[in-house]
Amino acid sequence: MSLRLRLALFYTGQLVVALLLFSFLMYGVLRWNYIREVDASLYSVAWRVAESMQRYWRIPSLKGLADRSTFILVRTDELVIAQSTDFGTFPVPAEAMAGRATYTTERDVNGEPYRLYTLPVYVNGEPVFWVQVAQPLQLLERVLTTLRPILGAGIAGFALLTGAAAWWLAGRAIAPVQRVASAAESIGQSADLSLRVPYQGPQDEVGRLVHTFNGMLDQLQELYARLATAVDAQKRFVADASHELRTPLTIIRGNIDYLERAGTLDPEAVADMKAEAARMSELLEELLAMARADAGQTPELEPLALGPLVRDVCRRAGALPHQVDFVVELPPALDRIMVLGHAEWLRRALLILLDNAFKYTPSGTVTVRAGRQGEGVVLQVIDTGPGIPPEDLPRVFDRFFRGDPARSRGGSGLGLAIASWVAGLHGGRLTAESKVGEGSTFSLWLPVYRPAAGGTNS
């Protein structure tokens with residue numbers, strides 16, 4: 001059963017129940033009000049007869065008290081003493097025999113209904129006479145008999161009208177929901193996440209449903225776009241990694257073949273193999289680091305002093321092959337600055353920046369500086385090399401990106417990507433500024449660690 005049909009039946013059923021309750025109430029109120037009016041008339045006539053009998057010790061003229069629809073009878077428990085007209089007799093109810101006035105509904109010998117009021121008349125404290133006053137209820141029966149089919153027909157007619165109106169309104173109400181379902185079905189069949197549900201109505205429950213559904217499609221479209229980009233990047237990553245690994249392996253295999261043919265150890269060939277093996281080992285380490293980053297693996301961070309760590313990295317970097325002046329400008333206050341980090345990964349990131357600066361600066365100066373910046377500290381590696389073209393600058397942190405052949409000096413293209421990941425791992429950021437012919441500046445910003453209780457960092 002469809003939702004539209006269920007809604008139409010529900011609303012129609014509610015109206016039918018309401019109309020039935022109203023009809024029963026109106027039917028009962030009409031009957032009760034009519035009986036009440038009859039009872040009041042019977043009560044008035046019966047008490048006038050009883051008061052005349054008790055006051056004057058005689059029975060008044062019953063015909064003067066009765067009209068064409070009112071019948072009066074005065075009797076004892078066995079005999080009829082007087083009556084307004086010969087309309088038969090009714091038994092005295094047990095409550096009246098016990099001395100209590102009572103109303104009853106009786107039927108005569110012809111089956112016609114009458115409303116009867118029986119009033120006991122006391123003599124010396126005992127009920128001796130009973131005054132019975134009756135009126136026919138044929139008019140009420142005819143009215144009620146006529147009213148029943150009218151109410152039934154009215155309920156049926158209103159039910160049909162309400163059912164049609166509920167069917168129409170339910171169709172209009174669920175039309176946006178049907179459009180949502182159709183859009184979802186179309187998306188499922190076509191896999192086109194650019195489809196949206198058109199809606200121009202008010203922002204009611206249905207409007208919010210359509211808005212939420214379209215918002216969900218926006219998020220799914222964005223997610224699928226990111227997934228597609230990630231898949232493409234992963235494919236490029238695998239292709240580039242395969243290419244990078246192929247070169248040193250080819251060199252090593254070629255030297256091994258040469259040594260086999262020569263039958264002797266050539267120092268130059270051994271040196272080449274050693275260098276390529278080291279390069280391949282370094283590349284594998286970098287690939288492993290990026291794989292851990294992609295897998296979401298994060299090392300545990302702990303508070304550490306930044307000054308000693310940076311000085312140790314600069315000392316190690318001084319041993320790297322370079323032909324430039326290496327200047328370290330670290331303020332004494334750096335020794336009092338704490339960061340929440342991982343010492344080994346921070347050392348690797350800084351060494352990557354320094355190694356790149358040495359490689360791409362054939363002559364000039366490489367400078368390391370540090371200082372406070374906002375709520376953090378910034379470490380800068382500044383070189384005076386050839387610089388990076390503006391079109392390549394936004395991509396320098398991409399994996400395996402080496403745009404300018406002048407900057408492709410034996411690196412794997414993963415170093416800056418790893419350094420950028422390390423910065424993000426520590427809640428910081430790595431940025432690059434460069435001017436062609438003047439040099440480049442790489443800035444690593446890290447947030448300063450402030451313990452929850454006790455002590456301050458400057």
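Which residues is Val310 in contact with, leaving aside its neighbours within four places in sequence? In this predicted model, the residues in contact with Val310 are Leu330, Leu334, Leu350 and Leu379. Val310 belongs to the largest nonpolar core, which holds 43 residues. Together with Leu306 and Leu334, Val310 touches the most other members of that core. Several helices and strands contribute to it: two or more residues come from each of helix H7 (306–317), helix H8 (343–359), strand S9 (365–373), strand S10 (376–383), helix H9 (415–425), strand S11 (429–435) and strand S12 (439–447). The greatest contribution is that of H8, which supplies nine residues.

The protein chain as a whole contains nine helices and 12 strands. Of its 458 residues, 37% are buried. The accessible surface of the chain amounts to about 26,500 Å², and carbon and sulfur atoms account for 57% of that area. Contacts in the chain were also examined by separation in sequence. Among those with a separation of 6 or more, 63% are between residues 24 or more positions apart.

Five of the strands form an open sheet, in the order S2-S1-S5-S4-S3 and with antiparallel pairing. Strand S2 (80–83) and strand S3 (102–107) are the edge strands, as each pairs on one side only. On average, and with direction ignored, neighbouring strands of this sheet are turned by 25 degrees against each other. In general, the strands of a sheet pair through backbone hydrogen bonds, and the pairing may be parallel or antiparallel. Within the present sheet, strand S4 (residues 113–123) and strand S5 (residues 126–136) run antiparallel and are joined by 10 bridges.

Thr12 counts as buried because its relative accessibility is 14%, a value below the cut-off of 20% under which a residue is called buried. When residues up to four places away in sequence are not counted, Thr12 touches Ala159, Thr162, Gly163 and Ala166.

Technical notes. Residues are numbered from 1 along each chain as its sequence is written. This is a predicted model: local features need pLDDT of at least 70, side-chain atom pairs count only at pLDDT 80 or more; totals for chains, interfaces and linings use all residues. Side-chain values use heavy atoms; hydrogens and water are left out. Buried means under 20% relative accessible area, exposed over 50%, partly exposed in between (1.4 Å probe, protein chains only). Contact means heavy atoms within 4.5 Å. A nonpolar core is a set of buried Ala, Val, Leu, Ile, Met, Phe, Trp, Tyr and Cys residues joined through side-chain atoms within 4.5 Å. Helices (H or I, at least four residues) and strands (E, at least two) are DSSP runs, numbered from the N terminus. Accessible areas come from the Shrake-Rupley method with a 1.4 Å probe; for residues, only the protein chains shown count as cover. Two strands pair if DSSP finds at least two bridges between them. Axes are lines fitted to C-alpha atoms, for helices over the stretch in contact, and angles run from 0 to 180 degrees between N-to-C directions.
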